[in-house]
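Subject: Structure handover

Hello,

Please find the structure below. My notes on it follow.

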Amino acid sequence: MRIPAGAPGARVLAFGGYQPANVVTNDDLAKTMDTNDEWIQSRVGIAERRLAGPEESEIDLAVQAGGKALAASGLDASDIDLVIVATCTMEAPIPNAAGRVAHRLGINAPGAFDINAACAGFCYALAAASSAIQTGSATHVLIVGTEKFSHWVDWTDRSTAVIFADGSGAAVVGPSDTPGIGPVVWGSAGDKSDAIVIKDRNSFLHQEGQAVFRWATTALHPVAKLACERAGVDPADLAAFVPHQANLRIIDAIARKLGAEKAVVAHDIVLAGNTSAASIPLALSRMIERGEVSSGGLALLLGFGAGLTYAGQVIEIP
Amino acid sequence: MAVTEQEILEGLGKIINEITGIPAAEVTPEKSFVDDLDIDSLSMVEIAVAAQDEFGVEIPDDQLKNLKSVKDVIGFIQA
């Protein structure tokens, strides 16, 4: 047996993001449940979110974001030989999402698998893509985080309905002579698996908000620091910090403890809500589009959520 | 060496100021977190976590909901 040499490194070549057309404001939600704009903005930081209708599936969302990332990368569909979809809101578990997304984008016979690491899923997928390229198992990888929470949320439960939303974000990853994706720091806390659950096929999403908040504001900044350390990057030199968009107060608490003074901190939750595996690429694609971050700068990504799972790595912004 | 009530009060004032922006001088023992200081449940979690780092006393969520005033937290940390 022999192992062919892979690429010396991998990097993100392009990002793409997509949100459904239907904007739902806090005032809209206040019409059907006991909540209000001030409460939602101060506790969670969300001003509006987008929800897909019955005609638009999590696969449709993924195809939109994946298509944008592919177009922005300048590559052809035929250049992609691996597709990874990170999602935790599939309506049905079989078939997987990756094969269908690939087919819809005209990507012929790639390796295709899904990852469920909930809100950490995109960072897991990115690590898998980077490894596949460096071990010679793939040359160009399309990774997509896609979520349609609207069919798993109880629209009478104000503790979750104001938070979770629909959306997708994608990235194309390719080979590189210099490192563009740092080592992943990943882990889990299965002892806290009850904190965020969908119990069975007839249940809605349930979250122990306070317990998750405490975990996120205490356990994650060391992960963020370690991801920087393992990449040999001083947090003070980060151009951007793009954590999973769970709650503005969690984001700011981790950012404060990380000490990334110069970094632009992603606040995409304001416009997107919590889109789980989609939130990091969705945020970063918007930051790039708006010129808030520059190509070549270093960004720390940090995913965390149900499982509980977490993963983070430093990347060079395409 | 046990910390004094005054030291805990000063430490809490500093923590609450950092997390909520409320001036430390307004954090006095008789103040209620919700009614007087307008601090919500998520900020209380952040305060509990910071207090744990500062004083080495864990305040679990099920205990936290019973601590209504600054005085209650001081008592919990001293106990």
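I begin with chain B, where Asp38 (B:Asp38) lies in the loop between helix H1 (5-20) and helix H2 (41-55). Helices (H or I, at least four residues) and strands (E, at least two) are DSSP runs, numbered from the N terminus. Phi of B:Asp38 is positive, near 60 degrees, and the residue is not a glycine. B:Asp38 counts as exposed because 11 other C-beta atoms lie within 10 Å. The cut-offs are 20 or more other C-beta atoms within 10 Å for buried, 12 or fewer for exposed, and partly exposed in between, with C-beta atoms placed from the backbone.

This is a predicted model: local features need pLDDT of at least 70, side-chain atom pairs count only at pLDDT 80 or more, and totals for chains, interfaces and linings use all residues. Residues are numbered from 1 along each chain as its sequence is written, while chains are lettered from A and ligands numbered from 1 in the order in which they are written.

Other backbone exceptions

Most residues other than glycine have a negative phi, and most peptide bonds are trans. A:Ala109, not a glycine, has a positive phi of about 55 degrees. A:Ala109 sits in the loop between H4 and strand S5 (111-115) of chain A, and is exposed, with 9 C-beta neighbours inside 10 Å. The peptide bond from A:Ile94 to A:Pro95 is cis, with omega near 0 degrees; A:Pro95 belongs to the loop between strand S4 (82-86) and helix H4 (97-104) of chain A. Another cis bond runs from A:Gly307 to A:Leu308, with omega near -10 degrees, and A:Leu308 is in the loop between S13 and S14 of chain A.

Contact between the chains

Nine residues from chain A and seven residues from chain B make up the contact, where two residues are in contact if their C-beta atoms, placed from the backbone, lie within 7 Å. On the side of chain A that touches chain B, helix H7 (209-230) and helix H8 (248-258) each supply at least two residues. H7(A) gives the most to that side, with six residues.

Helix H7 of chain A

H7(A) bends by about 35 degrees at A:Leu220, with a proline, A:Pro222, following within four residues. The bend is the angle between axes fitted to the seven residues ending at a residue and the seven starting there. Buried residues of H7(A) include A:Phe213, A:Arg214 and A:Leu220. After H7(A) comes A:Gly232, with a positive phi near 70 degrees.

Five strands of chain A form an open sheet with mixed pairing, in the order S8-S14-S13-S11-S12; strands pair if DSSP finds at least two bridges between them. Strand S8 (185-188) and strand S12 (264-265) of chain A are at the edges, each with a single partner strand, so one side of each has no neighbour in the sheet. Strand S11 (residues 240-243) and S12 of chain A pair in the parallel sense over two bridges, and A:Ala240 has A:Val264 in S12(A) as its bridge partner. H8(A) packs on the sheet and touches S11 and S12 of chain A. A:Asp252 is in helix H8 of chain A and is partly exposed, with 15 other C-beta atoms within 10 Å.

Regards

Methods:
Axes are lines fitted to C-alpha atoms, for helices over the stretch in contact, and angles run from 0 to 180 degrees between N-to-C directions.
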